[in-house]
Amino acid sequence: MLFLPALALICLLPLLALCAEDYYTLLGIDKSASERQIKKAYRTLSKKYHPDKNPANDTAHQKFVEIAEAYEVLIDADVRKIYDQHGHEGVKQHQQGGHRPGGGGHDPFDLFSRFFGGGGHFGGGGQGGQRRGPSMEVRIHVPLRNFYTGAAHDFKVEKQAICEKCEGSGSEDGQRDTCAKCNGQGMVIQKHMIAPGLFQQMQMQCDACAGKGSTVKHKCKVCGGSRHVRAEEAFELVVEKGMPDGARVTYEGEADESPDYVAGDLIVHLMQQEPARGGEEEGGRTDGTFFRRKGDHLFWREVLSLREAWMGDWTRNLTHLDGHIVQLSRKRGVVVQPGAVEVVDGEGMPVWRHEDGPEYGNLHVEYTVVLPDQLDQGVEKEFWGVWEKWRKKNKGGVQLDRDSGRPTPKEHGHEEL
Ligand SMILES: [Zn+2]
Ligand SMILES: [Zn+2]
């Protein structure tokens, strides 16, 4: 009977081809992953591959279904054990024996709605009638150098999440009973007698179930029956090079969750952190000098001594936001006026989503000149001598008023030197 193994192999081939991907690989977790990690992986991936976000993409749709399948198997400790020992085939046999993983669903959209509320879909276009929750706005402050170099920034937001323990039912055993008072309508009719024999009917929200139409006998211990909890969720914010201060980044469907509505959007306002004066942080300067940003340009104040401003022959190595050096210098005999601004091309901020034109803005360096408080006696004497000699030779020195084109005053004018 040689043909039997061969036949078996032929039968197996299509099975192998269809063989589903390993559930752990699918969720991007390792074999020792905790329940929490499994949930987190599901949350992230199900949103990424949701058909609403990938219209007309069959691969994504398939992946969305597989992720739900993987989740339902791995989240059930018993089924997970079977999967770990016997793989997909073992789980299949277990399910054919009448067991359902997680006790529920099997509709990937149903599972999705247990995590994110609503009807298993994202809000917005095409989901007519689906109520949408409020948006949330947060401000995230990042240092200027992150705007310059681009960076990934992790942040956490505390928000309302659907209770994972009861999957948003509010019930310890998952059981919700139809409200006896309103028969599940959520509304009751009340009759008021407004005059003898004259009644007025009014429809009011049922107070027994708060309009929900159902009640819970055994309240979930985690959420106390409220169906949601406050939880911290981590997000990653990608700061793109040159993004403007105050840029808005939207995380679709990441605001407060509720079984009653589709979660709104989480809107992040990206703000520039005020530089800390004398801060210990890396790149911080202790003299209170730092880069200031205006759009695509940067501003810097550089301090020169009297000698440097007047006589020249100096060099400054400016450490830029990414650590590269911008050298400023003057040769001997080159004067820098106090308050003079030097524009260094291409050393400003990167231009956000740069396409045409310059890739970087400019750096504006403003010079401040500091005069000495006191002169050494010897130096003072020598300078005085030099000035006196020069004044006598030039008959009172250069007249600023005359040089600037103003009429020469009768009184003694200002001298340049
Ligand atoms: Zn609960
Ligand atoms: Zn009721």
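Two strands pair if DSSP finds at least two bridges between them. The views below show a predicted model.

**View 1. The protein chain as a whole.** The chain holds 10 helices and 15 strands. Of its 417 residues, 21% count as buried. Among contacts between residues at least 6 apart in sequence, 59% join residues at least 24 apart.

**View 2. An open sheet of 3 strands.** The strands follow the order β1-β9-β8, and their pairing is mixed. β1 (136-142) and β8 (247-251) stand at the edges; each has a single partner strand, so one side of each is left without a neighbour in the sheet. On average, neighbouring strands of this sheet are turned by 25 degrees against each other, direction ignored.

**View 3. The pairing of β8 with β9.** Strand β9 covers residues 266-272 and pairs with β8 in the antiparallel sense, over 5 bridges. In this pairing Tyr251 stands opposite Leu266 of β9.

**View 4. The largest nonpolar core.** This core has 49 residues, of which Leu27, Tyr42, Ile67, Ala70, Tyr71 and Val73 touch the most other members. Helix α4 (residues 58-74) supplies the largest share of the core, 7 residues. Domain 1 (15-116) and domain 2 (292-370) both contribute residues, so the core lies between them.

**View 5. Tyr42 and its contacts in the core.** Tyr42 is one of the core residues that touch the most other members. Leaving aside residues up to four places away in sequence, Tyr42 touches Leu27, Ile67 and Tyr71.

**View 6. Ala56 in the loop between α3 and α4.** Ala56 sits in the loop that runs between α3 (35-49) and α4. Its phi is near 60 degrees, a positive value in a residue other than glycine.

**View 7. Asp313 in the loop between α8 and β12.** The loop that holds Asp313 lies between α8 (306-311) and β12 (314-319). Phi of Asp313 is near 60 degrees, again a positive value in a residue other than glycine. Asp313 has 12 other C-beta atoms within 10 Å, so this residue is exposed.

Conventions: Residues are numbered from 1 along each chain as its sequence is written. Chains are lettered from A and ligands numbered from 1 in the order in which they are written. This is a predicted model: local features need pLDDT of at least 70, side-chain atom pairs count only at pLDDT 80 or more; totals for chains, interfaces and linings use all residues. Helices (H or I, at least four residues) and strands (E, at least two) are DSSP runs, numbered from the N terminus. Axes are lines fitted to C-alpha atoms, for helices over the stretch in contact, and angles run from 0 to 180 degrees between N-to-C directions. A nonpolar core is a set of buried Ala, Val, Leu, Ile, Met, Phe, Trp, Tyr and Cys residues joined through C-beta atoms within 7 Å. A residue is buried if 20 or more other C-beta atoms lie within 10 Å of its own, exposed if 12 or fewer, and partly exposed in between; C-beta atoms are placed from the backbone. Domain bounds come from an automatic or database domain assignment. Two residues are in contact if their C-beta atoms, placed from the backbone, lie within 7 Å.
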